[in-house]
Amino acid sequence: MQAVIIAGGKGTRLRPLTYGCPKPMLPLLGRPFLVWMVERCREAGVTDILLNVQYQAHQVSDYFGDGKNHGVDIRYIEEEVPLDTAGAMKLAEPYFTGESLLVFNADILTDLDLKALIQFHKASGAQATLTLARVEDPTAFGLVELSPEQRVLAFREKPSAEEAAALGIDTINAGTYVLEPEIFAPYPAGQPLSFEKQVFPELLARSGKMMGFTWEGYWMDLGTPAKFYQAQLDILTGQMPYNLAANAQAHATGVWIANSAEVNPAAKLEAPCYVGDQAKLGANAHLPPGTLVGPQSLIDRPLSPGVYASGTLAV
């Protein structure tokens with residue numbers, strides 16, 4: 001099986017964080033988010049990775065190289081112009097081996113069991129399997145209607161609250177798929193192409209077999225600064241499993257300090273909080289709950305609640 005990570009978007013909803021950094025390279029508690037995605041592929045036994053890039057592409061390729069340092073093989077598919085999600089997949093078609101494709105949008109944080117998803121897809125004989133998540137307010141998303149056998153019946157694009165209630169559906173497209181490569185054959189290369197508006201509805205119209213794999217665990221779209229911040233708190237509070245021990249140590253429950261940080265024993269740290277690489281906290285530092293201290297920050301006074309300090313001087 002091959003993995004395709006769609007990581008070429010500009011991340012406009014995440015501005016100003018993405019003005020100088022591609023969205024998937026934003027640090028999630030000290031490490032680029034894309035590192036976590038690559039590690040997930042490797043842990044699921046998928047080491048052949050096609051990485052779609054476009055915006056600030058060099059930052060991604062400079063960091064990962066050929067992927068060998070991360071235990072995988074990475075090849076880059078660079079868009080000269082944005083081609084939308086499925087257009088990026090079509091661009092990668094010359095590199096397909098004929099195996100099933102594990103496809104990710106590079107802005108979703110989830111504890112989805114990838115091995116279970118792959119097994120479900122193979123057992124169902126589907127041409128496409130969509131991971132679905134349940135949300136309380138589905139009006140900002142497209143709903144996916146399923147049969148009792150988990151077969152996708154229809155897509156309902158961003159319904160009103162009344163329409164969603166009448167439909168009785170709360171499952172949305174969660175941004176991770178297993179796809180058979182032949183579903184891209186009808187489309188020309190080099191043209192914008194959307195999964196949601198073209199590929200998936202047209203596969204249904206051709207009576208293709210599309211299944212829904214509903215995941216009841218953690219799921220977060222990291223597309224806005226508020227959601228990106230909340231996701232990091234969810235990791236610190238244990239709601240989302242994440243390998244913080246790769247570059248940090250637990251100072252107390254919900255309080256993590258990067259290995260290269262210096263924290264005065266008199267500093268007061270309240271959970272949940274995180275202290276980043278090469279940060280220094282003096283004796284007068286006080287981090288209230290919800291504080292994320294970025295790399296190379298110097299703090300020696302109390303901070304206000306809900307602060308993200310990055311490269312700051314607070315004395």
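**Figure 1. Leu269 and the nonpolar cores of the predicted model.** In this predicted model, Leu269 touches Val255, Ile257, Val263, Val275, Leu281 and Leu287, when residues up to four places away in sequence are not counted. Leu269 belongs to the largest nonpolar core, which has 66 residues, and it is listed with Ile5, Leu109 and Leu287 as having the most contacts inside that core. Helix 1 supplies the largest share of this core, namely seven residues. Another core, made of 27 residues, lies apart from it and has Ala86, Ala88, Phe200 and Leu203 among its members.

**Figure 2. Helix 1 and the residue that follows it.** Helix 1, which covers residues 33-43, is mostly covered, with nine of its eleven residues buried. The buried residues of helix 1 are Phe33, Leu34, Val35, Trp36, Met37, Val38, Glu39, Arg40 and Cys41. One of them, Glu39, forms a salt bridge with Arg31, in which the closest N and O atoms are 2.9 Å apart, and both Arg31 and Glu39 are buried. Just after helix 1 comes Gly45, which takes a positive phi of about 85°.

**Figure 3. Ala86 and its surroundings.** Ala86 sits in helix 3, residues 84-91, and it counts as buried because its relative accessibility is 0%. Once neighbours within four places in sequence are left aside, Ala86 is in contact with Phe184, Leu193, Ser194, Phe195 and Val199. The C-alpha atoms of Ala86 and Lys197 are 9.9 Å apart in space, although the two residues are 111 residues apart in sequence.

**Figure 4. Aromatic rings.** The count of aromatic pairs in the model comes to ten. In one of these, the ring centres of Tyr63 and Phe64 are 5.0 Å apart and the ring planes stand at 65°, so this pair is edge-to-face. Tyr63 is partly exposed, with a relative accessible area of 41%, whereas Phe64 is buried, with a value of 4%. Tyr177 and Phe195 also form an edge-to-face pair, at 5.2 Å centre to centre and with 65° between the planes. This second pair links distant parts of the chain, since Tyr177 lies in strand 11 (residues 171-179) and Phe195 in helix 6 (residues 195-205), 18 residues apart. Tyr177 is buried, with a relative accessible area of 1%, and Phe195 counts as buried at 0% relative accessibility. Tyr177 and Phe195 belong to one aromatic cluster together with Phe96, Phe155, Phe184 and Phe200.

**Figure 5. Salt bridges.** Side chains of opposite charge can pair when their charged atoms come close. A search of the whole structure finds six salt bridges. In the one between Lys23 and Asp107, the closest N and O atoms are 3.2 Å apart. Lys23 lies in the loop between strand 1 (2-6) and strand 2 (27-28), while Asp107 lies in the loop between strand 6 (101-105) and strand 7 (108-110), so the pair ties together parts that are 84 residues apart in sequence. Lys23 and Asp107 are both buried. Glu93 forms a salt bridge with Lys90, with the closest N and O atoms 2.8 Å apart; Glu93 counts as partly exposed at 27% relative accessibility, whereas Lys90 counts as buried at 7%.

**Figure 6. Confidence along the chain.** The protein averages a pLDDT of 87, and 94% of its residues score at least 70. Where pLDDT is low, the predicted coordinates should not be read in detail.

Definitions and conventions:
Residues are numbered from 1 along each chain as its sequence is written. This is a predicted model: local features need pLDDT of at least 70, side-chain atom pairs count only at pLDDT 80 or more; totals for chains, interfaces and linings use all residues. Side-chain values use heavy atoms; hydrogens and water are left out. pLDDT is the predictor's confidence in each residue, from 0 to 100. Rings of Phe, Tyr and Trp (its six-membered ring) pair if their centres lie within 6.5 Å; planes under 30 degrees apart count as stacked, over 60 as edge-to-face and the rest as tilted. Buried means under 20% relative accessible area, exposed over 50%, partly exposed in between (1.4 Å probe, protein chains only). Helices (H or I, at least four residues) and strands (E, at least two) are DSSP runs, numbered from the N terminus. Contact means heavy atoms within 4.5 Å. A nonpolar core is a set of buried Ala, Val, Leu, Ile, Met, Phe, Trp, Tyr and Cys residues joined through side-chain atoms within 4.5 Å. A salt bridge is a side-chain nitrogen of Lys or Arg within 4 Å of a carboxyl oxygen of Asp or Glu.
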